[in-house]
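Could you walk me through this model with a few questions and answers?

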Amino acid sequence: PGPFIFPRRWRERSRRAHEGRGGAMVHGDVQLDVIKTAGSWAEGLNTYQSQKLQPLHAGPTPAPHYVTRYEKSREEAICNPITQRFRDKQVEKGLSDWESAGVTKTLNRAWDKQLLREQHFDIVTQQPKKGHIHEVPYKQRLKPPSLITANHVPYNIISTLGEDQHHWAPPGKRPPRVPTPPRKEAQVTKVNKPREFDILTNMYRDHHGARSQWEAEQARCSVVDKYWETHDFDPLTCSYYDGEKEDFYQKRLKEMLLTQGTNAINKLPPTLAASESLMYDICTGVVKDPVRLRKVVDEERQTIVNRAAKIGAEDVMRVRGDAKRAKEQDMSVARISHQRYTDTVGRGFHIINNQTFDLHGEPPLPRTKPKAGLWEVREKLAAG
């Protein structure tokens, strides 16, 4: 087979993708059809080489701009982080003027909205609000008697002041001050119960001497316990602080010195330490260590006794296992009737492939139990 040729529509699409404005195939600044459009082959090669060697920039190549640490530090220092102000005074002044104008404009707009939606006077002091275009001097008027007792309390519900201080009537015509009732004694509870210890006199209210003595005794016991927790052995005198503990140690040390040689056996390897050659002489029979030898003999005797006690249990378990195994075997062979195998063999051929048993052999023996004959039944009854 010849070389693979792209279909016509693919070649047309590729040509259109590389065509320039003038109809020539252009790839960047290099004209691909420069050899075809040139007058000669040499002129086309020279033109193509000059296009490939044309520099990216007209004239000298500009040097790259390197960002220095100084420029970045000037950008960081444009604002003082402590005073929160720009270092350039003109920028700071322009920003301050803009903020002042904005704050003033915002406050004026909010004030106008408040006056538009609320009363033109203060409901607590009854004084007119200043600064709005609809300001009207407020004149106090006596309220109707039906509104005096509207709240049913002897004080003003807004200012929480009594009627002798805050009332709609002039000072001379206001009701008198309501006398304060005598203060009741507070009920003693767990919260307001008087403390047993007075922090001003630094003494107990009751039984100060006995309590102080008891606290001192508790503090002394605590100090003694902490002392004995950290003071057990004195490294200077090489003895215990507690005399009884030191006496016990000295007594134990004397006992260990008497049996110092026997303790060396425990440092030997386990196989060598438990060998019989260290207990008695295997040639002469002279006992070297009667204590360890007696211990080994007693352990062997106890092992024999324990083993003898287990022999009877093992025999019982063996008999039970044999009976269980025989029962499971009888159940497995008695699961299928032996008569089925007898009928199959008595037919003389295989019912699927029609092969005779005389030529191809009988089927394998089954796991069945044949029915006992008359003689077997007699032998079983005779055996009891």
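Q: What share of the 384 residues of the chain counts as buried?
A: This is a predicted model, where local features need pLDDT of at least 70, side-chain atom pairs count only at pLDDT 80 or more, and totals for chains, interfaces and linings use all residues. Residues are numbered from 1 along each chain as its sequence is written, and side-chain values use heavy atoms, with hydrogens and water left out. Buried means under 20% relative accessible area, exposed over 50%, and partly exposed in between (1.4 Å probe, protein chains only). By that rule, the buried share of the chain is 8%.

Q: How much accessible surface does the chain have?
A: The areas come from the Shrake-Rupley method with a 1.4 Å probe, and for residues only the protein chains shown count as cover. Carbon and sulfur atoms own 58% of the surface, and its total comes to about 35000 Å².

Q: How many helices and strands does the chain have?
A: Both are DSSP runs numbered from the N terminus: helices are H or I with at least four residues, strands are E with at least two. Counted this way, the chain has 13 helices and 8 strands.

Q: How are the rings of Y227 and Y241 arranged, stacked or edge-to-face?
A: Rings of Phe, Tyr and Trp (its six-membered ring) pair if their centres lie within 6.5 Å; planes under 30 degrees apart are stacked, over 60 edge-to-face, and the rest tilted. The structure holds 6 aromatic pairs. In one of them, the centres of Y227 and Y241 are 6.4 Å apart with planes at 70°, so the pair is edge-to-face.

Q: Where do Y227 and Y241 sit in the chain?
A: The two residues are 14 apart, and their pair links distant parts of the chain. Y227 belongs to helix α6 (residues 208-230), while Y241 is in the loop between β8 (239-240) and α7 (243-258).

Q: Which residues form a nonpolar patch with about 460 Å² of accessible area together?
A: Patch residues have over 30% relative accessible area and no salt bridge; like charges are joined within 9 Å, nonpolar side chains (Val, Leu, Ile, Met, Phe, Trp, Tyr) within 5 Å. A salt bridge is a side-chain nitrogen of Lys or Arg within 4 Å of a carboxyl oxygen of Asp or Glu. The patch lies on the surface and is formed by I123, V124, Y155, I157 and I158.
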